[in-house]
Amino acid sequence: MAAPSDAKGRAASSVQGLVRELVHQFTDPLDFYRELIQNSIDAESNRISVTLDYKDGRAVAGVEDDGVGMDGRIIDEFLLVLFRSTKDNDLTKIGKFGIGFVSVFAMAPERVQVFTAKNGESWRLDFPSYKHYDKYRMPALRDGTKVELTKAMTLQEYGAFSAASLAKVRYWCKHADTRIFFQDRTSGGPEVPVNEPFELDGAASLRYQEEGTEIVLGFSAEPRPFCGFYNRGLTLKEGEQDFQPGLQFKIKSRFLEHTLTRDNVLMDDNYRKAMAIIARLADRELPRRLKADLVELAQAVGRNPAAEALPQEWARRLPFLRRLFSGRLSRWRRSDWAVFPVLGGKPISLAQVHAAVSAGRGVLYFDAAANRVTEALGRRGLPVLPEGPWVAELAAWSGGARLLRASGALYLPRPLDDQELGSELLGFIETLRRMDADCGAKYRQLLPADFDYPGSSIVDRHFVTSRAPGELGSISDRPRPSLLWLGRERLCALLNIRHPFLCRLGRLHQQRPGLAAYLCLKTMHLSDGEVPPAQGDKFCNLAEKTERRLLESALTIDCTQAHQGGRT
Ligand SMILES: Nc1ncnc2c1ncn2[C@@H]1O[C@H](COP(=O)(O)OP(=O)(O)OP(=O)(O)O)[C@@H](O)[C@H]1O
Ligand SMILES: [Mg+2]
């Protein structure tokens, strides 16, 4: 293209070569949307419409604005002259090189038309190709400028073209300050607004504004968080970054500029200044925001550990917390941040976690939900954290604490009063007590108990022993054999009354009380503790004696029952 002196123009061959090169430097044939919209924004438009239509085997793509338009002089001296721009050194405009318009030829259209008016002149330009154009004065004035591209394609190709067009327009223009609408007229649907709020995924945690620049910052769990650069809302570049770990950001600034290839942000002094603002916000403002966010989330998680979104939100902030907690000193300085949730309680700080770990002999407890065990630990002053992303992290920050799931590591059956049992079960328990007493009272007490609570690690056991009923037991404690209790305090046996084995024995007890009680106690003795090797002989003796007594007792009970049954 070269400036024509009359209504028809033809580019000189050397210029043609340059145009061809320029046309090809647009990486994507659909980049023309970005360029035309940029020109419309720079023309101070209030509204821009992007339209698509399909007629007679041809797609017609149009970008129309209500901006300042062009008169013959601007057309001849700027639109059609490469490297001439009316926006030289004007930072209120996005365009600057004077080459954007040629992008309309990148998708090799059959024809490009421009309709524009200004200063009482109205013009139509027809470009059969970039090599040649016709310029016509139009009788009617119009508002702003419309550029239309026509290209032959199949209807199927048109469908893909339409979808790709909307995606492109959205990518490049979603944060534009000017209202932009997209409409595919073949589908007859309404205009779709292209603009989206200047927001981040998961919402921004900090907004910053100064003359000509707007920044939104948010926490991110991505290893390479998102970053977006925009000039007056037009995308300069969106991508991933690794220089601000744990932080995603978008920056819209009229000081940021695109490179000649237009798909990147120019890394000039203005860019470095913008990055310095972001670094300053990350150092000074965001730690405060992070603390406030995490305290609030930790309180909410403590109240409702089942709400899935809360731990995710906490996790989104974790890489930035890691960044602040990475050094011993910075961790120590923030050790009063109560950002770790506690089941059913107030959040605790790292200092409190340290205290809990020493009170728990090197263990820090967590669990999926509050239960009998976590409540018992709480009564002992040991906080239990809900399950979540903070748990693994605390292993590193709490000086090598052992992290244990409370309900998996500890158990707490609830002893039941005899009155809480049905007569059938109560009868069975009483027979067990009698038989145990007959055989030398191996257990201090034989109590029915409820083993079933959320997270219980003992629902499958038919009994457990403990020093006192209602005392927390530990799964990792080696059981003490009750037969060898001589010289030591005897243990209480708590029976899981809902265990199928005990239920069956309870039913058998109706007919054969002796056999049922024998089977129960025998099974308890068998699985009740390990015998120290040195005491193996003694145990065998004891076991045999106890066995004999159990059998005798069982026979007596069953014979008495049979006798009584025979009499009735
Ligand atoms: N829609 C429009 N409304 C008013 N003037 C326009 C419009 N489109 C283009 N122009 C004029 O045409 C000139 C050339 O546009 P072109 O897009 O090629 O370059 P630019 O926008 O100046 O710079 P850049 O190459 O960075 O886009 C612009 O400087 C402007 O004066
Ligand atoms: Mg331009």
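The structure is a predicted model, in which local features need pLDDT of at least 70 and side-chain atom pairs count only at pLDDT 80 or more, while totals for chains, interfaces and linings use all residues. Residues are numbered from 1 along each chain as its sequence is written, and chains are lettered from A and ligands numbered from 1 in the order in which they are written. Helices (H or I, at least four residues) and strands (E, at least two) are DSSP runs numbered from the N terminus.

**Ligand 1**

- The shell around ligand 1 holds 25 residues, of which N39, A43, S85, G95 and G100 come nearest; a residue counts as near if its C-beta atom, placed from the backbone, lies within 6 Å.
- Two elements, α2 (31-42) and α3 (72-79), each give two or more residues to this shell.
- Helix α2 has the largest share, with five residues.
- By class, the shell has 11 polar, nine nonpolar and five charged residues. Here Ala, Val, Leu, Ile, Met, Phe, Trp, Tyr, Cys and Pro count as nonpolar, Asp, Glu, Lys and Arg as charged, and the others, Gly among them, as polar.

- Strand β4 (residues 111-118) runs antiparallel to strand β5 (residues 121-129), and seven bridges join them; two strands pair if DSSP finds at least two bridges between them.
- V114 has L125 in β5 as its bridge partner.
- The hairpin of β4 and β5 has two residues between the strands, and N119 takes a positive phi near 50 degrees there.
- Strand β5 is also joined by five bridges to strand β6 (residues 132-137), again antiparallel.

**Open sheet β18-β17-β19**

- Three strands make up this open sheet, in the order β18-β17-β19, with parallel pairing.
- The edge strands, β18 (384-386) and β19 (402-405), each pair on one side only.
- From one strand to the next the twist averages 35 degrees.
- Strand β17 (residues 363-367) is joined to β18 by three bridges, and F366 has L385 in β18 as its bridge partner.

**Open sheet β21-β22-β25-β23**

- This open sheet has four strands in the order β21-β22-β25-β23, and the pairing is mixed.
- β21 (414-415) and β23 (463-466) stand at the edges with a single partner strand each, so one side of each is left without a neighbour in the sheet.
- Five bridges join β22 (residues 445-450) to β25 (residues 492-496), and these two strands run parallel.
- L446 has A493 in β25 as its bridge partner.

**Helices α13 and α15**

- Two packed helices are described by the angle between their axes and the distance between the axes.
- Helix α13 (residues 423-438) packs against helix α15 (residues 513-527) at an angle of about 70 degrees, with the axes 9 Å apart. Axes are lines fitted to C-alpha atoms, for helices over the stretch in contact, and angles run from 0 to 180 degrees between N-to-C directions.
- The two helices, α13 and α15, are therefore roughly perpendicular to each other, a term that covers angles of 65 to 115 degrees.
- The crossing of α13 and α15 is right-handed, that is, the near helix is turned clockwise from the far one by less than a right angle.
- From α13, F428, T431, L432, M435 and D436 meet P513, A516, A517, C520 and L521 of α15; contact requires C-beta atoms, placed from the backbone, within 7 Å.
- The residues of this contact of α13 with α15 divide into eight nonpolar, one polar and one charged.

How values were computed
Parallel < 35°, antiparallel > 145°, perpendicular 65-115°, else oblique. Contact = placed C-beta atoms within 7 Å.
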